[in-house]
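Colleague: I'm new to this one. Can you show it to me and walk me through a few spots?
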Amino acid sequence: MRTETEHTIYLKDYAPSPYRIVSVDLDFRIGEEATRVRAQLTVEPRPETAPGTPLVLDGEELSLSSIAIDGAPLMLSAYAAGPQGLTIVEPPLRRFVLETEVSLQPEGNTKLMGLYRSNGVWCTQCEPEGFRRITYYLDRPDALATFKVTMTAPLALAPVLLANGNLVAKGDAGDGRHFAVWEDPFPKPAYLFALVAGDLGSITDSFTTASGRKVDLAIYCEHGKEDQCDWAMDSLKRSMAWDERRFGREYDLDMFNIVAVSDFNFGAMENKGLNIFNDRLVFAKPETATDANYAGIERVIAHEYFHNWTGNRITCRDWFQLCLKEGLTVYRDQEFSSDERSRAVQRIHDVQNLRSAQFPEDGGPLAHAPRPDQYREINNFYTTTVYEKGAEIVRMLATLLGEADFRKGMDLYFERHDGEATTIEAFLTVFADATGVDLEQFKTWYLQAGTPQVTVKDAYDAASQTYTLTISQKTEPTPGQPTKSPLVIPIKFGLIGPNGSPMGWNAVTGGSVRDDMIVLDQESVTLTFSGVANKPVPSLFRGFSAPVQVHSDLTQEDNLFLARHDSDPFNRWEALQDVSTALMVDAARGKAWGNAAIEALRSALAETLANDSLDDAFKAQALTIPDESLIARAIGSDVDPERVHAVRSELIRAVFAPIASTLEAAYHGLTSTVPYAPDTAQSGRRSLRNRLLSLLVQSSDGGAALAAKQYGEATNMTDRLAALAVIGAQWTPEAPALLADFRTRFAGDPLVFDKWLTVSASAHDDGVIERMRAILADPSFPRNNPNRLRSLVGTFVMGNPVQFTRADGAGFRFVTEFVTDVDTRNPQVAARVLTGFRIWPLLEPKRREAARSALTALQAAGSLSRNSADILTRMLA
Ligand code: PHE
Ligand code: ZN
């Protein structure tokens, strides 16, 4: 393997640069052949910088055509330009202007980092280390400077010229070219730089901030798609209002622009005043976007907007601190969605996502701390651990401190660190300072990898009317972290009496209990509650108050009791999940379930469906049987995904077949003829109806016909795709014809093509790999577009365990061949697909061996990118 993988960056080596860049003046001459970038950097040594200290700038794939300091060209001996950057051997020990000119080839940039072209539009992506592909620079997040950007481009190809900040001048540049000048008054790191030049349509609007400033808003997109941007604009305005209400944060520039592009490695990017979005997170209309798409757009528009304060005004000192901006901003977008929609449903949704994506990462070969202390390739740390576990940590902080004190801490954070590049420590210190709470031990959450396992035992003594709860925590070793220390775990809880009502107690001894919260901060604690009149059923971790895995000795009866009586909707949902998980784990281990157990689950679910006091979206979640990856986790080792799949299908049939007519009646009762709106009530209703449809297809003979009928009659994409997805996954006889219809019906819409690819990759039948090979081999397949590639192969690795982990190894080989091919053009996409292998150590021996041999063959072939080589090395360690 290439030696690049040996280059490791350590947090302990952090040191500020000996030089500061005060301001940047960039001049882009955009042309079809090449783009020329002239940069004038005003540089200053730090007071402590010793004479003769070289200035080392990052730079990649640049070709330097001129270089000068204060207007005087440099002699060859005064600098060295190499593949990693530019060194000025002995810069002046005073403020000076370094001027360089380089040229770039955006057209051939398939990595989609730096300046590239998507659908003819010039655009940039700089986080984390893309700016060095634009000009020589201190490409690190603690280098803050003000930017002035001048750009000229052919008017016919690029009538729209955008950059960060405010537009200060524009005009004709002669020769069929025009220019624009943008200035961003807020000092920022280079990763927040952005530029867009192209022929784009737009919609505009405005927002008046709490202090009465009018901000011009615009969303730019491909011509003809303007009518699909309204929901994104609406989401933006609601986000701006919410951040003022909830966190007192106002927008700070005169304009806020969003651009939708078709080729983008991630979801979206928070560049100051110029957010760039993957177009799948902007475009929506009822015929082609689902309710889930609408919710995703709302969430990501909010997320990127919220970064303006948590990320841009206050940024990260180094990339080890990524969680500082991402965990906090995900927490903020989750709170926004909870306030805009239903809090309980949002929480369940976020926890499902955490469990199916983050827990597997944290329990496998790629486990890492939310704040890692070393990396080889920073792009590989934009993970669900940094984002979603990071958000859980902030949520626990809010839970431990209480809402008012949490807000006090946030206010102090904005006041103290505005304009800085800072650290996780500084973030925690503001909360300690604002509230007097010691957060030293709490910090361990950021430093330690792995999902804590919490074990609960309880006992009731009727004679003394005492109830005891023994709660212990343990975190298993993870790569590079053999020993773990105890974490501070907030446990929101209640005790429920035999009649289903909350129970009180007189006193508690043995541990820390504040109102409805136990704080576990040792390895183990035994709490004794006195004055407890009857044996209670405990409801623990209400609202999923900590990202842990709980092992309790609650019986199936206890869980069914909680499902009926718990006042906490999350735990009601959770109790039902636990009941079906336990049944499936038993069955996978060869222990058949009894009729009584199935009947009890069936009646609890039927009762939930019939309960008028619950909303539809909640019912849909309650009627969801845990997915295969959760069952596999619960089994823990030697997993056979085919068996897991079979057991899950059997449970669905056993529970639902006898009540198929009830489900069908409920399904028809939820039919609606009102015009489509993406609102909470309507989308909840659709989600329940489509959940019932899915259960019917899986448990009754008439289900597939019903789905085919829904597919044909649907008036919106949510209903059409739900029907197609369940038929496609089951690969019923209707599947090929419906897929063919779907493809032609929406021919020409790339985002609907993605849906077709997703359904195609999800089929459980043995033909799926051959069909995917044919799709990829089609010369018209857009082989460099990340959305297309991920919809097909990303879905396959993450969402089709039966076929991906086939015992004959065909699924593994399909993926490693794909990685080998794509890695040469877009290493980020390749590396991300490769992470799907993280489940391999959990598999039964035959599949484990097949995975290992596919991975070692990939390693033996050599010459992978640093991105993929890093993942592969950790995967096989
Ligand atoms: N910072 C972006 C976000 O989470 C994610 C991103 C990272 C986008 C790297 C592009 C490149 O909002
Ligand atoms: Zn983010």
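Predicted model: local features only at pLDDT ≥ 70, side-chain atom pairs only at ≥ 80, totals over all residues.

Colleague: Ligand first. Which elements each supply at least two residues of the shell around ligand 1?

Modeller: They are β20 (268–269) and α2 (291–306). Those labels are DSSP runs, numbered from the N terminus: helices are H or I with at least four residues, strands are E with at least two.

Colleague: And which residues surround ligand 1?

Modeller: Gln125, Glu127, Phe266, Ala268, Met269, Glu270, His303, Glu304, His307, Glu326 and Tyr382. Each has its C-beta atom, placed from the backbone, within 6 Å of the ligand.

Colleague: How many are nonpolar, polar and charged in that shell?

Modeller: Four nonpolar, three polar and four charged. Ala, Val, Leu, Ile, Met, Phe, Trp, Tyr, Cys and Pro count as nonpolar, Asp, Glu, Lys and Arg as charged, and the others, Gly among them, as polar.

Colleague: What joins Glu127 and Pro128?

Modeller: A cis peptide bond, with omega about -5°. Pro128 sits in the loop between β11 (121–125) and β12 (145–154). Glu127 is also one of the residues around ligand 1.

Colleague: New topic. At what angle do α9 and α11 pack?

Modeller: About 10°, with the axes 11 Å apart; α9 covers residues 556–565 and α11 covers 595–610. The axes are lines fitted to C-alpha atoms over the stretch in contact, and angles run from 0 to 180 degrees between N-to-C directions.

Colleague: What does that make them?

Modeller: Roughly parallel to each other, therefore. Angles under 35 degrees count as roughly parallel, over 145 as roughly antiparallel, 65 to 115 as roughly perpendicular and the rest as oblique.

Colleague: Which residues of α9 and α11 meet?

Modeller: Gln556, Leu560 and Ala563 from α9 meet Ala597, Ala600 and Ala604 from α11. By class, this contact has five nonpolar residues, one polar and no charged. Contact means C-beta atoms, placed from the backbone, within 7 Å.

Colleague: Which residues in α9 are buried?

Modeller: Asn559, Leu560, Leu562 and Ala563. Down the axis of α9, the buried residues fall within an arc of 155°, so they line one face of the helix. The arc is that of the directions from the helix axis to the C-beta atoms. Buried means 20 or more other C-beta atoms within 10 Å of the residue's own, exposed means 12 or fewer, and partly exposed is in between.

Colleague: What do the buried residues of α9 pack against?

Modeller: β33 (537–540), α10 (569–588) and α11.

Colleague: Why is His565 partly exposed?

Modeller: Because His565 has 18 other C-beta atoms within 10 Å. His565 lies in α9 and touches Ile496 and Gly500, not counting residues up to four places away in sequence. His565 and Gly500 are 65 residues apart in sequence, yet 5.2 Å apart in space, C-alpha to C-alpha.

Colleague: Last one. Where is Asp638, and what is its phi?

Modeller: Asp638 is in the loop between α13 (628–635) and α14 (641–656). Its phi is positive, about 50°, although Asp638 is not a glycine. Asp638 is exposed, with 12 other C-beta atoms within 10 Å.

Conventions. Residues numbered from 1 in each chain as written. Chains lettered and ligands numbered in written order. Contact = placed C-beta atoms within 7 Å.
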